[in-house]
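Take a slow look at the chain before reading on.

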Amino acid sequence: MMKSASLLLLGALSVNAETFMKEAFDSAWEGRWSNSAAREGLGKFIRTAGRHFGDEAINMGIQTSEDAKFYGISRQMDKPFLNKGKKFAASFSVKHEQGIDCGGGYIKILPETASKDFTGDSKYWMMFGPDICGHTKKIHLIFGYKGRNLEWKKAPKAEDDKLTHVYTVVVNEDNTYEVQVDGKKIEGGNLADDWDFLLPKEIDDPEDKKPIDWVDEAEIADPEDKKPADWGSEPETIADPEAEKPEDWDEEDDGEWEAPTIPNPKFQGEWKPKMIPNPAYKGVWKPKTIPNPDFEDDTDLYLMREPVSTVGIDLWQVKSGSIFDNIIISDNVKEVEVFVAETWGKTYEAEKEKADAADKAAADAAAKAAESEQPDEEDEE
């Protein structure tokens, strides 16, 4: 009986769960995505599976195609999504087959925003994905909250090879979250701990001033300590006793010879009295704290303040070639996991085999070319 009830509950949850966007970039993708008109000279996206892929149809995505460009493109979700009392799950894949040196690989999830108006300044609820520039190789997870964009206190490493990797984020209605790369959890925790959603409950009292007679010095010079009578009798440097006048030294031409100087091991330096604890020391002064008048508690940090309905790619790349693919947004974590398994999970190993084979062939060709450039022994004779 209990097993039947559990099955019924799972069925009910599945029925109530929704997927709000599933983008595989088929041949009709340009009817759903539009470039921003708010900025001139944006880079162009082209549809391709790249040089190496596990399945051309599954791995077909949109690729940045122009170097040193900003990119701005977006589409509307199938329907708006407000996550009140629900889980939120988003996943997408990106492949930096150009060997990215400096550029973003993230997506933004926004309230309804017209594609023509979409810019880097557009208000968003979430920015998620890898960002690589030089030695910085991290995954962003930024929340838009009450007019502030909150940076993640953690900075897990982003994948920086030339293969496809899938990034997934889950935000739960109990204010916890999880981030996965290639289907494996790499980070997670509590929203309140890992972002500064809430202002401090207490602040320093701006009216509280340090008393004029407050003593900050933890130590003072010992008034009983006296400089020894023979202190400072030795010079700072002395003639090197090991030095000898060179045999070819000519005093008529070179002048009177003087030994070079070295630090005097007996030199004592400036005398200072020893320090002792200050009997008048009161400790480090701190103003008293008062309740923060701007503090507002929030037990629903996970909650969007308004529905989201737009997904955008807004980034800069020095070297183009990143391929974005297989984006899904849902309140059904299981469906997202299945989608990842059916796309990245079914194609990654085949893609890696092809890429490894191509790398090996290139290395063999380079070695052969280098060998052919070596002069023959007969030529050397």
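**A helix to begin with**

Helix 5 covers residues 344-372, which makes 29 residues, and it reaches 41 Å from its first C-alpha to its last. That is close to the 42 Å expected at 1.5 Å a residue. Keep in mind that this is a predicted model.

Which residues of helix 5 are buried? They are Trp 344, Thr 347, Tyr 348, Glu 351 and Ala 355. Other elements provide the cover for these buried residues, including strand 6 (88-96), strand 12 (164-171) and helix 4 (333-342).

**The whole chain**

Now step back. The protein chain has six helices and 22 strands. Its C-alpha atoms fill a box of roughly 100 × 90 × 55 Å along the principal axes. The radius of gyration is 34 Å, whereas a compact globule of 381 residues would have one near 21 Å.

Of the 381 residues in the protein chain, 36% are buried. The accessible surface of the protein chain comes to about 22700 Å². Carbon and sulfur atoms account for 51% of that surface.

Contacts tell you how the chain is joined up. Take those between residues at least 6 apart in sequence: 74% of them join residues at least 24 apart.

**Salt bridges across the sequence**

How many salt bridges are there in the count? The count comes to 27 salt bridges.

Begin with Lys 79 and Glu 18. Their side chains meet in a salt bridge, at 2.8 Å from N to O. Lys 79 lies in strand 5 (residues 69-81), and Glu 18 sits in the loop between helix 1 (2-16) and strand 1 (19-23), so the pair ties together parts that are 61 residues apart in sequence. Lys 79 is partly exposed, at 37% relative accessibility. Glu 18 is partly exposed too, with a relative accessible area of 26%.

Next, find Glu 306 and Lys 123. They form a salt bridge whose closest N and O atoms are 2.6 Å apart. Glu 306 lies in the loop between strand 20 (289-291) and strand 21, and Lys 123 lies in the loop between strand 8 and strand 9, so this pair ties together parts that are 183 residues apart in sequence. Are the two partners buried, partly exposed or exposed? Glu 306 counts as partly exposed at 33% relative accessibility. Lys 123 is exposed, because its relative accessible area is 56% and exposed means over 50%.

Why does Asp 222 count as buried? Its relative accessible area is 12%, and buried means under 20%.

Salt bridges can also share partners. Glu 23, Asp 26, Arg 32, Arg 75 and Asp 78 are joined in this way into one network.

**A patch and a loop residue**

Phe 70, Trp 316 and Val 318 make a nonpolar surface patch of about 230 Å². Trp 316 belongs to strand 21 (residues 308-317). Its relative accessible area is 33%, so Trp 316 is partly exposed.

From Phe 70, look for Gly 120. The two are 50 residues apart in sequence and 9.7 Å apart in space, C-alpha to C-alpha. Gly 120 lies in the loop between strand 8 (107-110) and strand 9 (126-133). It is partly exposed, at 41% relative accessible area. Leaving aside neighbours within four places in sequence, Gly 120 is in contact with Lys 108 and Asp 314.

**One last loop**

Finish at Glu 66, in the loop between strand 4 (61-64) and strand 5. Glu 66 is partly exposed, with a relative accessible area of 29%. What does Glu 66 touch, not counting residues up to four places away in sequence? It touches Leu 42, Gly 43, Lys 44, Tyr 71 and Ser 320. Pro 260 is elsewhere: Glu 66 and Pro 260 are 65 Å apart in space, C-alpha to C-alpha, and 194 residues apart in sequence.

Terms used: Residues are numbered from 1 along each chain as its sequence is written. This is a predicted model: local features need pLDDT of at least 70, side-chain atom pairs count only at pLDDT 80 or more; totals for chains, interfaces and linings use all residues. Side-chain values use heavy atoms; hydrogens and water are left out. Helices (H or I, at least four residues) and strands (E, at least two) are DSSP runs, numbered from the N terminus. The expected span of a helix is 1.5 Å times one less than its number of residues. Buried means under 20% relative accessible area, exposed over 50%, partly exposed in between (1.4 Å probe, protein chains only). Contact means heavy atoms within 4.5 Å. Patches are made of residues with over 30% relative accessible area and no salt bridge: like charges are joined within 9 Å, nonpolar side chains (Val, Leu, Ile, Met, Phe, Trp, Tyr) within 5 Å. Accessible areas come from the Shrake-Rupley method with a 1.4 Å probe; for residues, only the protein chains shown count as cover. A salt bridge is a side-chain nitrogen of Lys or Arg within 4 Å of a carboxyl oxygen of Asp or Glu. The radius of gyration is taken over C-alpha atoms; the globule rule is 2.2 Å times the number of residues to the power 0.38.
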